[in-house]
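Thanks for coming. Please have the sequence and the model open while I talk.

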Amino acid sequence: MTSMLKQKDWSTQARRALTAPELVAKLAQLDGWQLQGDGADLAIVKTYRFANYHETMAFVNAVAFIAHTQDHHPDLSVHYDRCVVRFNTHDVGGISDTDLDCAQRVDALLAA
């Protein structure tokens with residue numbers, strides 16, 4: 001299956017932390033993602049649930065592939081039946097468009 005999400009080269013993009021109104025508007029377009037933390041530690045977070053460890057690890061490996069291809073790596077908390085994915089952009093001290101794009105790509109893994 002081919003991804004409908006076009007590859008982006010984030011190394012050529014000027015990144016900046018989104019303003020609060022930008023973030024609220026863009027986050028509303030993503031299902032289940034929530035804000036966590038504050039200041040430079042602000043992140044978007046989502047918990048994905050699975051039937052077993054094997055499914056969880058398959059998801060984690062797919063997220064790792066996305067992170068590698070996008071050169072943007074989330075914090076992952078891996079458990080038997082779930083994985084918590086947390087994105088923020090350290091070099092801008094907040095949340096950037098890169099985080100939201102990667103969140104969309106992770107969601108697409110489980111789209112039916």
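Predicted model: local features only at pLDDT ≥ 70, side-chain atom pairs only at ≥ 80, totals over all residues.

Residues are numbered from 1 along each chain as its sequence is written, and side-chain values use heavy atoms, with hydrogens and water left out.

Strands first. Helices (H or I, at least four residues) and strands (E, at least two) are DSSP runs, numbered from the N terminus. Two strands pair if DSSP finds at least two bridges between them. Strand E2, residues 43-49, runs antiparallel to strand E4, residues 82-87, and six bridges join them. Arg 49 has Arg 82 as its bridge partner in E4. Strand E3, residues 75-78, is also antiparallel to E4, with four bridges. Val 78 is paired with Cys 83 of E4. Three residues separate E3 and E4, which form a hairpin.

Now the helix. H3 covers residues 97-109, and its 13 residues reach 19 Å from first C-alpha to last, close to the expected 18 Å. That expected span is 1.5 Å times one less than the number of residues. Buried means under 20% relative accessible area, exposed over 50%, and partly exposed in between, with a 1.4 Å probe and protein chains only. Among the buried residues of H3 are Leu 100, Cys 102, Ala 103 and Val 106. Their cover includes helices H1 (20-27) and H2 (53-70), as well as E2 and E4.

Is Tyr 48 buried or exposed? Tyr 48, in strand E2, counts as buried at 5% relative accessibility. Contact means heavy atoms within 4.5 Å. Leaving aside neighbours within four places in sequence, Tyr 48 has contacts including Phe 59, Cys 83, Ala 103 and Val 106. By contrast, Tyr 80, in the loop between E3 and E4, is exposed at 53%.

Last, salt bridges: a side-chain nitrogen of Lys or Arg within 4 Å of a carboxyl oxygen of Asp or Glu. The structure holds eight. One of them joins Arg 15 and Asp 91, at 3.5 Å from N to O. Arg 15 is in the segment before H1 and Asp 91 in the loop between E4 and H3, so the pair ties together parts 76 residues apart in sequence. Another joins Asp 97 and Lys 26, with the closest N and O atoms 2.6 Å apart. This pair links helix H3 to helix H1, 71 residues apart.
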